[in-house]
Amino acid sequence: MIHRIPESPPVILPVAGNDTRPKWSVMIPAYNCIEFLQATMECVLAQDPGIDQMQIEVVDDCSTDGDVRALVEKTGKGRILYFRQPQNSGSLRNFETCLNRSRGYWVHLLHGDDVVKPGFYAEIEFMFNKFPEVGAAFTKYTHINAQGVELRPGDGVLLEEPGVLDDFLLKIAQGQHLQPPAIVVKRTVYEQLGGFFAVHYGEDWEMWIRIAAHFTFAYSPKCLALYRSGHQSNITSLSISSGQNIKDIIKVVNICQ
């Protein structure tokens with residue numbers, strides 16, 4: 001039996017074979033977020049550089065709130081791949097599946113209720129090309145509600161211009177400075193360090209700290225990512241309402257120490 005919460009970072013295998021690989025993998029993990037999923041897919045399609053350059057795939061963790069396959073086919077018109085888990089496996093295992101199914105050199109794990117603004121992929125590509133030594137790149141983000149209204153900016157600006165962050169390990173270990181829709185990670189980084197594990201709340205924070213311990217990050221102050229919170233199916237909201245977030249954050253702090 002596979003545990004829903006891995007006790008150690010899951011293995012992310014290198015891409016098999018010598019096939020031509022796309023530059024990007026936009027992997028969209030989805031579970032009971034069908035009311036937001038179309039907007040998520042559309043924001044990627046609006047910036048699509050073409051099938052040779054970008055893999056776009058929805059990985060459905062057995063959603064029960066609608067026909068996700070039909071929505072993907074209707075919205076993507078054959079451009080977006082669809083994979084459904086054989087059984088509900090939980091968010092961490094779904095992320096693991098996303099990472100192992102990704103084929104691109106740069107992986108964007110875009111949750112099925114989040115959005116990126118026009119120019120996001122161009123900005124990330126600019127940073128990876130200008131700073132090839134970095135393991136990941138991210139932009140400033142802001143929060144949106146269930147209706148898509150921007151509520152408040154994310155963390156303060158870390159740099160005035162796009163660049164490589166100095167001492168980011170210390171900064172990210174002191175507190176969260178980004179959210180998943182804002183960051184793209186090189187696949188080789190996941191292959192070296194493994195996937196998400198240990199907790200359902202704060203698993204991304206642990207991942208960014210783990211990456212920062214081994215690689216540098218590039219950052220842009222342009223606010224190009226939108227993190228949706230506050231709706232019923234959001235893991236963050238569910239964890240906060242139950243108090244599980246406190247237990248999980250304590251566990252993440254202990255792991256990182």
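Is Arg79 buried or exposed? Arg79 is buried, with a relative accessible area of 15% (buried means under 20%, exposed over 50% and partly exposed in between, using a 1.4 Å probe and protein chains only). This is a predicted model, in which local features need pLDDT of at least 70 and side-chain atom pairs count only at pLDDT 80 or more, while totals for chains, interfaces and linings use all residues. Residues are numbered from 1 along each chain as its sequence is written, and side-chain values use heavy atoms, with hydrogens and water left out.

View 1. Helices (H or I, at least four residues) and strands (E, at least two) are DSSP runs, numbered from the N terminus. The side chain of Arg79 makes a polar contact with the side chain of Asp48 at 2.8 Å (a pair of N or O atoms within 3.5 Å; within protein, one must be able to donate a hydrogen and the other to accept it, and residues adjacent in sequence count only if both atoms are side-chain atoms). Beyond its neighbours within four places in sequence, Arg79 is in contact (heavy atoms within 4.5 Å) with residues including Leu45, Ile51 and Ile56.

**View 2. The largest nonpolar core, of 39 residues.** Such a core is a set of buried Ala, Val, Leu, Ile, Met, Phe, Trp, Tyr and Cys residues joined through side-chain atoms within 4.5 Å. Among the residues with the most contacts inside this one are Leu37, Met41 and Tyr121. Elements that each supply at least two of its residues include α1 (34-45), α4 (120-130) and β10 (217-228).

**View 3. Contacts of Leu37.** Not counting residues up to four places away in sequence, Leu37 touches Ile28, Ala30, Val58, Val68, Leu71 and Gly112.
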